[in-house]
Amino acid sequence: MTHALRGRRSVAEPGRSPGKAVLFLLPALLILGALVVYPLVYSLFRSFFDASGSRFVGLSNYVETFTDPRTLIAFRNNVIWVVVAPVAVTCLGLILAVLTERIRWATAFRLILFMPMAISLFASGIIFRLVYEEDPERGVVNAAMVGVHDVFASPSPYPGARPRSEFDASEDGYTGTATVSRGGVVSLPLVGYSRQQLPDSARPVSQPEAGGTEVRGAVWLDVSAGGRPGQIDPAELGLPGLTVELLRDGAVVSKTMTGDDGRFTFPDLGPGEFSVRLPADNFALPFRGLTWLGPTLVTPVIISSWIWIMTGFAITFIAAGLSAIPRDALEAARVDGATEWQVFKRVTVPLLAPVLLTVFVTLVINVLKIFELVFVIAPGSVQEEANVLALQMWQVSFGSGGDQGVGSALAIILFLLVAPAMLYNIRRFRRERS
Amino acid sequence: MTTVLSHEKREVRVVDVPVTGSPKRGPLTRFVSNLGNGAVQVGLAVVAVFWLMPVFGLLVASLRSEQANTASGWWTIFTKPAELTLQNYAELAGNETIWRSFLNTVYIAVPSTFLVVVISALAAYALAWIEFPGRDWLTVTVVGLLVMPIQVALIPVAKLFGALDLFGTIAGVVLFHVAFGLPFAVFLLRNFFTGIPVDLVEAARMDGATEWVVFRRVILPIAKPALASLTIFQFLWVWNDLLVALVFADQDSAPITVALRSQLRQFGANIDLLSTGAFLSMAVPLVVFLAFQKYFVQGVLAGSTK
């Protein structure tokens, strides 16, 4: 097939029996006429009628299309798709196609990257739904993010724990409402944490004695069977390794850490009233990754899955174009001392420009018709946020909408959007034939 | 959509590249270039692993029990390979809805492919080798129809099928696929047919062969590679469809993509069924792709993704 396309362009010699053409063409003409051409005309007419199809409404379906917030989101997303996705895939395809020329396993590489083209968009959608699952125990992306995050930031010692009362919560942590001066004692009962999760080093807590010039205190888990709230009970354990800050007039003047029995001591800091603060990073909940399938990130996520599918196509197409570039041109530039980057920029890319344009146009058309990926990857609750025209058309006409007048208008808009590509193909075809 | 794969003659232009270094390559340059090659190898290997990982993840998920999938990620099997089980597939084998939808997929894909190949071959022959008024105009129309979005036809054809009692039947789904497969198929085969040497056709005609005989005995045997590309491309296209069947099939004629779609609402809870079902539906395209990848790649290059 390719060698035919490669332009063995012997002009078709006319046959001698023109009447027979009809017989050969009849099945194709009937089907194309009834199921492609007639529907196009019908859709155009239908788009001027209301939902029931009986009342002529002029352009009001189109007006509704351009004012309905759902459809406007779909338009916006289509613009994002068209601007981002084809350029990304064309560039990625170009870079990888050029790089594969330098490895021996280029065929295997292209085969691997091409494989997603063979499976359905539906299956690809399921694959990426799993990849981007929010729970880091299931979705590999969040698992990787949590892994990397935890290497750089140690997890907080007591996620979710909080003081029982008498504390003001702020972004910095929990600050005590009562003040303390030197020689005083602070009790910090915490709740909201499970006893089983305490470190093994935790020892039973005891009441620190008042007196001296220091500020003393204890932080403990105020949870035990039969225990009194806010009181130190025999079975209750201290919370080791917790950071405690001492504040004077809102500024941190000292910082210490609790021991195994939950007790801490601040050195003599002179007279004055102090307050005690438990910094927030003691209690920060562990990092769980990002909500990929939430309203903000869902479109980028779906675009990434499309890139996964289409890059193999771009590579293969561009690689075919690369192999048609005369080696002499590249070699001449190299002999002249051009670096690989210069060869790429000044020789390869200009010579490939027509191929790149064709790949790009193909991808734009593909993007305009995107349907399955959004349908499968975006969970129902965020589908509105990830909406695209092709999906909106289906929803309006066959899903919950039930308005085939607006649906037809959307179909015609979709048709008008791909019409330039239609003309591009026809012009190319004419040019190549002449 | 279909692109016109062109191989225009490219002029070898004189390219003005500034000379920045000595053309002679010293040992240092060679070392740097080897290093660069090593980096390229590693980089591409990483890319390849990245590309395989999502599929591998779903495959492993389909081979772990529901409990294991709920408790931990698929990558756990690297430390606990014993968790692998065929239990999900055993359950899938007992799921009648899935099996019926799998068979429906076959019943839709096979006739669609067959009809598209036959009907388009006939039409392409006429466009390539028979002179008739309006031939150029018709060919250009086919090229124009290549990128036609199927959305344009959903509503009118649904109405038409409703009137003809074809709505919700396999025959209806097949007809729609045939219609939207034809422009690309005719285009691809016409291009191939016009490349066949005139002498062969003329010689047959001199011997008094009818057009039908020329088509059957001369054109089709030569066109086998193109027919193979088209068959595989069309088969996978129909096999992988969701949208057409979503509109035109009912519960009894739904292919596997549509049948699985209803499980999506509870993605997390249904991952065992969804992952195994997805692999069941992917198995056929993957085998076809690996077995006939040359033809498939050629088909996609000529036609890409409609």
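Which residue of S9(A) is the bridge partner of A:Glu245? In S9(A), that partner is A:Arg277, and the report below places this pair in its surroundings.

## Basis of the model

This is a predicted model, in which local features need pLDDT of at least 70 and side-chain atom pairs count only at pLDDT 80 or more, whereas totals for chains, interfaces and linings use all residues. Residues are numbered from 1 along each chain as its sequence is written, chains are lettered from A and ligands numbered from 1 in the order in which they are written, and side-chain values use heavy atoms, with hydrogens and water left out.

## Strand S9 of chain A

Strand S9 of chain A covers residues 275–279 and is mostly covered, since five of its five residues are buried, where buried means under 20% relative accessible area, exposed over 50%, and partly exposed in between, with a 1.4 Å probe and protein chains only. Strands here are DSSP runs of E with at least two residues, helices are runs of H or I with at least four, and both are numbered from the N terminus. A:Ser275, A:Arg277 and A:Pro279 point one way from S9(A), while A:Val276 and A:Leu278 point the other way, and all are buried.

Two strands pair if DSSP finds at least two bridges between them. S9(A) pairs in the antiparallel sense with strand S6 (residues 243–248) of chain A over three bridges, and it also pairs in the antiparallel sense with strand S3 (residues 173–176) of chain A over three bridges.

## Strand S5 of chain A

Strand S5 (residues 215–221) of chain A is largely enclosed by the rest of the structure, because six of its seven residues are buried. With strand S4 (residues 185–191) of chain A, S5(A) pairs in the parallel sense over six bridges, and A:Leu190 stands opposite A:Leu221 in S5(A). With strand S8 (residues 263–266) of chain A, S5(A) pairs in the antiparallel sense over four bridges, and here A:Arg216 stands opposite A:Thr265 in S8(A).

## Two residues with positive phi

Most residues other than glycine have a negative phi. A:Asp249, in the loop between S6 and strand S7 (251–257) of chain A, has a positive phi near 55° and is exposed, with a relative accessible area of 77%. B:Asp165 is found in the loop between helix H6 (151–163) and helix H7 (170–194) of chain B; its phi is near 60°, also a positive value, and B:Asp165 is exposed with a relative accessible area of 68%.

## The interface of chains A and B

Contact, meaning heavy atoms within 4.5 Å, joins 119 residues of chain A to 135 residues of chain B. The two chains bury about 11,600 Å² between them, 73% of it on carbon and sulfur atoms, where buried area is the accessible area (1.4 Å probe) that two parts lose on being put together, summed over both. Helix H2 (residues 19–46) of chain A gives the most to the side of chain A that touches chain B, with 17 residues.

Across this interface the rule finds zero salt bridges, a salt bridge being a side-chain nitrogen of Lys or Arg within 4 Å of a carboxyl oxygen of Asp or Glu.

## A buried threonine

A:Thr311, in helix H8 (residues 298–323) of chain A, is buried with a relative accessible area of 0%. Leaving aside neighbours within four places in sequence, A:Thr311 is in contact with A:Val89, A:Leu92, A:Gly93, A:Leu96, A:Leu113 and B:Trp51.
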